[in-house]
Amino acid sequence: MKAHFIGIGGIGVSALAQYYLADGWRVSGSDAVRSEITDDLKKRGARIFIGQRAANIPPAGGPDLVVYSAAIKSDHPELVEAKKKGIKTLLYSQAVGELTKKYYTIAVAGSHGKSTTTALIGLILIKAGLDPTIIIGTKLKELGSTNFRLGKSRYLVLEADEYARSFHNYFPKISVLTNIDREHLDVYKNLSGVLAGFRKYLKNVSEYIVANSEDRNVKKVLNPKSDTLNPKVVWYGEGKHQLAIPGTHNQFNAEAAWQAVKLLGVKKIVADKVFRSYHGAWRRMEKLKKGSKFHVLGCVIYSDYAHHPTEIKATLQALREKYPKRKSVCVFQPHQQDRLNRLFKEFTTAFKNADKTIIYPLYKVKGRDSSGKTSADLVKAINRPAVFYADNFKEVLKLIRPDMGSGSVIVFMSAGDLDGKVRKHFL
């Protein structure tokens with residue numbers, strides 16, 4: 001059997017492609033640009049096309065199934081060609097949804113903290129000998145620096161993304177609900193729309209909802225809800241765990257993970273071992289290791305995926321707690337025009353825990369572009385000393401140069417392409 005993935009370089013689609021490879025399928029896929037992810041898939045045996053065109057779906061001997069990401073439009077040449085040839089097509093979330101019915105699925109949903117919580121649950125189940133399959137929205141060094149693991153048991157641990165209402169296709173036995181925020185408003189329009197989206201998803205959960213008792217929007221979607229009915233609600237609050245990763249928000253993530261694995265009979269001593277040894281994931285408050293260009297530097301450099309005001313505040317607070325006596329420098333790249341437009345006021349107050357802030361040009365997402373506020377507008381609106389606009393990466397380096405040898409903590413925050421520039425320069 002053969003499967004073709006449109007948008008195979010995406011963090012979610014690439015994990016599913018690995019599942020099909022591990023399951024014995026012949027896999028091909030396309031993406032607009034080459035990346036670490038597409039290179040890795042090629043090494044694993046996938047046929048990769050850089051550039052997306054109808055010819056990637058051959059006239060004879062083509063795929064039995066075409067899977068495409070939510071970012072792919074209906075007029076995409078490969079999708080049009082597949083449908084013209086009568087090939088079965090599925091959205092990524094529909095294909096994953098089929099897996100959630102096949103496995104005993106533990107899904108992690110929420111506006112923030114999904115990747116960390118999913119990672120902790122997956123690694124705890126591995127440590128407990130439960131041998132799970134894992135699909136996660138980041139790369140973990142514990143999984144060989146990839147975002148997928150094929151287990152031999154009935155358990156699937158899954159990051160359940162709400163973007164494009166993807167999680168409406170998932171049917172977990174257990175779902176963790178970390179928090180609910182004003183996110184993906186290009187899809188949901190407002191908080192009421194977000195809440196409605198989560199309510200619909202939670203109707204798919206059959207056994208347990210592990211829910212954050214200190215998040216008011218989580219309580220809104222679950223009330224009224226009787227604990228005597230399925231799915232049963234297991235409430236949790238801030239944990240008191242020995243963690244290798246800093247931040248109050250990670251105490252919540254760890255407690256959510258513990259409450260979920262406890263339902264599967266995992267012992268606390270097993271979870272504690274993972275909590276003490278887990279040092280984070282790719283681009284999740286990731287401390288970049290010292291490379292050849294670090295030897296003259298006295299600073300500490302982090303890369304973080306934060307792109308929402310709530311996430312920015314949580315990361316900066318965590319770094320302040322970890323390094324209370326060091327100067328904190330934040331370089332932030334806004335991600336997606338609609339988010340910057342709708343949450344502009346919240347962004348203006350998100351950087352208070354940084355001693356110095358540098359705003360990089362907005363990363364516009366293909367297919368979700370619009371017009372509106374700019375990074376320069378954000379700098380003007382923040383209107384505080386030590387807040388700067390950098391038009392390009394060379395300007396960023398110029399602005400952070402005084403901080404490089406002074407023991408500062410420098411965090412690059414981006415869900416866009418800034419992270420790649422940082423790694424290329426520093427590592």
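Author: A crossing of two helices is called left-handed if the near helix is turned anticlockwise from the far one by less than a right angle, and right-handed if it is turned clockwise. The model is a predicted one. Two packed helices are described by the angle between their axes and the distance between the axes.

Take helix 1, residues 11-22, and helix 4, residues 92-102. Their axes lie 10 Å apart and the packing angle is about 50°. Angles of 65 to 115 degrees count as roughly perpendicular and those under 35 as roughly parallel; helix 1 and helix 4 are therefore oblique to each other. The crossing of this pair is left-handed. On the helix 1 side, the residues that meet helix 4 are G12, V13, L16, Y19 and Y20. Helix 4 meets them with Y92, A95, V96, L99 and K102.

Helix 5 (residues 114-127) and helix 10 (residues 268-277) form another pair, with axes that come within 9 Å and cross at roughly 125°. That angle makes helix 5 oblique to helix 10. The crossing of helix 5 and helix 10 is right-handed. Helix 5 brings L120, L123, I124 and K127 to the pair, where they meet V270, A271, V274 and F275 of helix 10.

Helix 15, residues 393-400, can be read by its buried and exposed sides. F393, V396, L397, L399 and I400 are buried. These residues are on the same side of helix 15 because they cover an arc of only 165° around the axis. K394 and K398, on the other side of helix 15, are exposed. The cover over the buried residues of helix 15 includes helix 16 (418-426) together with strand 15 (328-333), strand 16 (356-359), strand 17 (387-389) and strand 18 (409-414). At the start of helix 15, N392 has a side-chain oxygen that reaches to within 3.1 Å of the backbone nitrogen of K394.

S28 has a relative accessible area of 15%, and the cut-off for buried is under 20%, so S28 is buried. Apart from neighbours within four places in sequence, S28 is in contact with A3, H4, F5, I8, R47 and F49. With H4, the S28 side chain makes a side-chain polar contact at 2.7 Å.

Key
Residues are numbered from 1 along each chain as its sequence is written. This is a predicted model: local features need pLDDT of at least 70, side-chain atom pairs count only at pLDDT 80 or more; totals for chains, interfaces and linings use all residues. Side-chain values use heavy atoms; hydrogens and water are left out. Buried means under 20% relative accessible area, exposed over 50%, partly exposed in between (1.4 Å probe, protein chains only). Helices (H or I, at least four residues) and strands (E, at least two) are DSSP runs, numbered from the N terminus. The arc is that of the directions from the helix axis to the C-beta atoms. Contact means heavy atoms within 4.5 Å. A polar contact is a pair of N or O atoms within 3.5 Å; within protein, one must be able to donate a hydrogen and the other to accept it, and residues adjacent in sequence count only if both atoms are side-chain atoms. Axes are lines fitted to C-alpha atoms, for helices over the stretch in contact, and angles run from 0 to 180 degrees between N-to-C directions. Angles under 35 degrees count as roughly parallel, over 145 as roughly antiparallel, 65 to 115 as roughly perpendicular and the rest as oblique.
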